[in-house]
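Colleague: I am new to reading protein models, and I would like a close look at a single part of this one. Could you take me through how the strands pair and what lies in the nonpolar core?

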Amino acid sequence: MALTTGAVGASVKPKDGPPEIWTVKGECKRLIVRNEKLTSSCTGEVTRTKFSDGTITFSFSDGRNWLIFRTKEASARLWQNYKTILAVDGVAFGAIGSEPGFIAKVAGASCSYGAPYLRQADVNCTALVNFEMWAVIIETDGHLPVPDSEYIPPTLSAP
């Protein structure tokens, strides 16, 4: 993917150090931007960029444009003991290589990924902005868009 981290970093402006970038590839099951279905041209890659100020972006592409969901590391929580959910506070869409213009204060938006079972893991981001859907689902080969050291493993309880 031709996504440049400089374009992403230019808008987020991290305070210290370079961002940490983690990319996984899979099959794109859904890519919708402003209610327009772009799934057929989706590259199937998800790039997670973590900045030193705790800002995290999840980036997806259709080969010519990118879709970015912005969140904060502090918003991460475990749901039903297996799925990591991060609250999204902004989304952006634009041509690869251009600086993103984030739509801030997105309510009820999130990105999630679950424990990889059966050699599969889904990365799912959704937002509704002014009655327009922004959504992505990437099914990976079991790899998640996070380093192993940051993965929150599922907790299994005895019956």
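Modeller: Let's start with T71, which stands opposite V88 in β7. Keep in mind that this is a predicted model. The strands β5 and β7 pair in the antiparallel sense, over seven bridges. Strand β7 also has β6, residues 77–79, as a partner: three bridges join the two, and they run antiparallel. Here you can find R77 opposite I85 in β7. Between β6 and β7 the hairpin has three residues, and Q80 takes a positive phi near 50 degrees there.

Now follow these strands into the core. In general, nonpolar side chains in soluble globular proteins tend to be buried together. The largest nonpolar core here has 29 residues, and those touching the most other members are L31, F58, F60, F69, V91, A127 and W134. Both β5 and β7 are among the elements that give two or more residues to this core, and so are β1, β4, β8, β9 and β10. The most comes from β9, with five residues.

Leaving aside neighbours within four places in sequence, L31 is in contact with residues including L38, C42, L67, A135 and V136. Its contacts also include E36, K37 and D62.

Notes
Residues numbered from 1 in each chain as written. Predicted model: local features only at pLDDT ≥ 70, side-chain atom pairs only at ≥ 80, totals over all residues. Heavy atoms only, no water. Core = buried A, V, L, I, M, F, W, Y, C linked by side-chain atoms within 4.5 Å. Buried < 20%, exposed > 50% of the residue type's maximum accessible area, 1.4 Å probe, protein only. Helix = DSSP H or I, 4+ residues; strand = E, 2+ residues; numbered from the N terminus. Contact = heavy atoms within 4.5 Å. Pairing = 2+ DSSP bridges.
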